[in-house]
Amino acid sequence: MSIEVQNVTFTYQPGTPFATTVLKDVNVDIEEGEFVGLIGHTGSGKSTLIQHLNGLLLPTAGRVLVDGSDTKEKSVRRIIRRKVGLVFQYPEHQLFEETVAKDVAFGPENLGLAQDEIQERVEEALVTVGLPPNEYAKRSPFDLSGGEMRRVAIAGVLAMGPSYLVLDEPTAGLDPRGRDEILGQIAELQQKQGLTVVLVSHSMEDIARLVDRLIIMYQGQVVATGEPRKLFQQADELKELGLGIPQITEFMRQLHQDCPQVSTDILTVDEAVPEILAYLRGQAHA
Amino acid sequence: MLKDITLGQYVPGNSLLHRLDPRTKIIGAMIYIISLFLLKSLVGYAAITIFTLALVLLSALPWSYVLRGIRPVFYIVLFTLVLNFFLTPGETVWQLGPLKVTDEGIRLGIFMGWRLLLLVLSTSLLTLTSSPIALTDGIEYLLRPFKKIGVPAHELAMMMTIALRFIPTLLEETDKIMKAQMARGADFETGNIVKRARGMIPLLVPLFVSAFRRADELATAMEARCYRGGEGRTRLKELHFAGRDFMALAVSTILLVLSVVDRIVS
Amino acid sequence: MAAMFQLDHVSHHYGEGDEGKVALSDINLSISPGEFVAVIGHNGSGKSTLAKHLNALLLPTTGTVLVKGMDTRDSDHLWAIRQTAGMVFQNPDNQMVATAVEEDVAFGPENLGVPTAEIRQRVEAALKIVDMWEFRAAAPHLLSGGQKQRVAIAGVLAMQPEALILDEPTAMLDPSGRREVMDTVVRLNREEGITVVHITHFMEEAVLASRVVVMNDGQVVLDGIPEEVFSHVRKLRSLGLDVPQVTELAQRLSEHEVSLPSGILTVERMVAEICQLKSKM
């Protein structure tokens, strides 16, 4: 079970003077249970790529297979939209119902599920995003704080019961606490329920902390893919792509230039503490 | 992408038509339309057609652009033509069952259709050669004398500017919300009218909420930049009549006079 | 020298009477001309409400706010205050009025009744400062987020203000947009001497300021130079705020009896400190 993006090219308004190719021969596989980070400068094609994963956009050339079904097939589109949950940037802007529960139920209702199953899914989804149903279900989504609205919107996608969850900058505009809460919940979903997660983010610190594999895009192409630990070693190449590395990794890199004994493949503060302690106490491995 | 749609289809350029003051062009277009409806004779129609084609040449616009402006009304013109053919009483030229085509009908149909084409052609010349900003400024200036009788000239112009500014933003937003709801299984494409209308709620409610939020924030931002209505405001671009504007207005007046003569004589 | 902003016992309640939500409570703050103050705090801490008091978009429920000695409650001073203290907002789309960049920048001076010839000069100067002159004829919706915010800054500069209040101008931008905006703001403060009050929750931006004010529950809880404020790693964390990763590293190392000075904010400084420590061993 996986999403396979095969030789996908996408052109906006093909055949007109406005034609722009935003994806060029993209090949990507997303395996079941993975936590994938998708990074790239604004305009690199990330948003266009993720809209291909659930068939909102269809490739101009090439194909996208979700668990073996082609997104171009009209008959399977509904199933694909259910399997691949897509959370857009600022998803709170899509809320429209009178109550939180009704809004979260919108997706399951479109799937034509039975009322009690819908009810169950709504409650489950609200619990997952840390909004106790007895407290929130009957409230108007428009009376909530920005961070809470964001979580209602994510619950609305989770209630569809997706096996793949794709999130486009889910923490944009949130303060650090709101950010940590949402990322914590996503990580838990991935670990405990085996959900496959694709996270688009500009925060290298968050990416480094969370994902198993990175996909790097540049000018409509996938230019690198691999473990963050490996890719963040290539700070100069990333810089050319308009990307940074986590501050702590940058620190280890600069320290390494003066003191070659320290390791540079450090991604978090937790990893850096023992490394520096060992170095200062003269136990560092060369 | 929706946001690539150009507004008011303005094509930047430096032709005589482009350089005319927007007020001249608005007044000129109004005179042109009045003349068009005054004309009655074949000679009159031929003359104004040649005049219009001369204007297109003066605008230095590619013909493809000008003709594209006519395309949307093509079916309306066709409809007018057919309707007049069959429904005007007169001498029967050709008959198909109960439907009769009359010679009077053919004459009227062609005149009406032709008039409609010229009307669209001339107004699209106006929008093709004037930026939305210039048009708004022109309308504000022209409405100023009516302020005394309660026409809010400045406010109308400001509303038009803000509308023009936010149309692309809201189009983009519509696209985004639609996709977000489609990702949650919403269907905007199938079903009967009732189902489709109900299906618009998940799109329209967020759009309204967002439009109100934007309006609120914009009002605050305008206040922070010392906006307090039109009183005592100055402008980055003042409008000035040049020699060519007086020329153009003179030509327009001659056109009007000739049309009146044509009407009386025919 | 008169303070640019002087807040005395400022409280602000949303809504009426006792039920009204308290957004600011008893704030005392003085900001001098030329300062670069970053105001940080989690969402709902009152930082945006505070910002809106600095140019009379909001008025204190009790207490006084003086802008260059002018009381914000005195409506005679309203326009002078807003011209002195210009404001840039969070959402770049919702603060642009016109359909072309130069027209938008001209909006403020037009409102002030500046003569046409002078508006032209001001628009040109302002767009050149923020490096957006070549985009003067562009439609705002075709610009990037960072470019839109720089146009918004130019729009304020064209009013020739003495202070710039930035209400989370980078919250909706990508890293390169954030960098563009911050480079511009820092330059305006250092080279043009404009007083800056920058509201943010990005710590790497607060580090650029000459002074950091931390807000929580409508109150000022910390106020000092960045090095001093960021030495309170635990307190900031408990307020739901971040510290730079190197600052956190220094704090964590000091728990293991590694003696580092407090308030290390940059990678360069941390590298220097570690190297120095090693050489002493």
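1. Helices (H or I, at least four residues) and strands (E, at least two) are DSSP runs, numbered from the N terminus. By that count chain A has twelve helices and ten strands. The radius of gyration, taken over C-alpha atoms, is set against a globule rule of 2.2 Å times the number of residues to the power 0.38. For chain A the radius is 21 Å, close to the 19 Å that the rule gives for 286 residues, so the chain is as compact as a globular protein of that length.

2. On provenance: this is a predicted model, in which local features need pLDDT of at least 70 and side-chain atom pairs count only at pLDDT 80 or more, while totals for chains, interfaces and linings use all residues. Residues are numbered from 1 along each chain as its sequence is written, and chains are lettered from A and ligands numbered from 1 in the order in which they are written.

3. The C-alpha trace of chain A spans about 65 × 50 × 35 Å along its principal axes. Of its 286 residues, 46% count as buried (20 or more other C-beta atoms within 10 Å of a residue's own, the C-beta atoms being placed from the backbone). Two residues are in contact if their C-beta atoms, placed from the backbone, lie within 7 Å. Among the contacts in chain A with a separation of 6 or more, 63% join residues 24 or more positions apart.

4. A nonpolar core is a set of buried Ala, Val, Leu, Ile, Met, Phe, Trp, Tyr and Cys residues joined through C-beta atoms within 7 Å. The largest has 185 residues, and those with the most contacts inside it are Val104(A), Ala155(A), Val166(A), Ala154(C) and Val197(C). Helix α6 (residues 146-158) of chain A supplies the largest share of this core, seven residues. Apart from it lies another core, of seven residues, including Leu20(B) and Ala248(B).

5. Leaving aside residues up to four places away in sequence, Val166(A) touches Ile50(A), Leu53(A), Val84(A), Gly85(A), Leu86(A), Val87(A) and Val198(A).

6. Chain B is divided into domain 1 (14-130 + 239-266) and domain 2 (132-233), with bounds from an automatic or database domain assignment. Taken over C-alpha atoms, the centres of these two domains of chain B are separated by 32 Å. Five residues of domain 1 of chain B are in contact with seven residues of domain 2 of chain B.

7. Between chains, 35 residues of chain C are in contact with 27 residues of chain B. On the side of chain C that touches chain B, α3(C) gives the most, with eight residues.

Technical notes. Buried ≥ 20, exposed ≤ 12 C-beta atoms within 10 Å, placed from the backbone.
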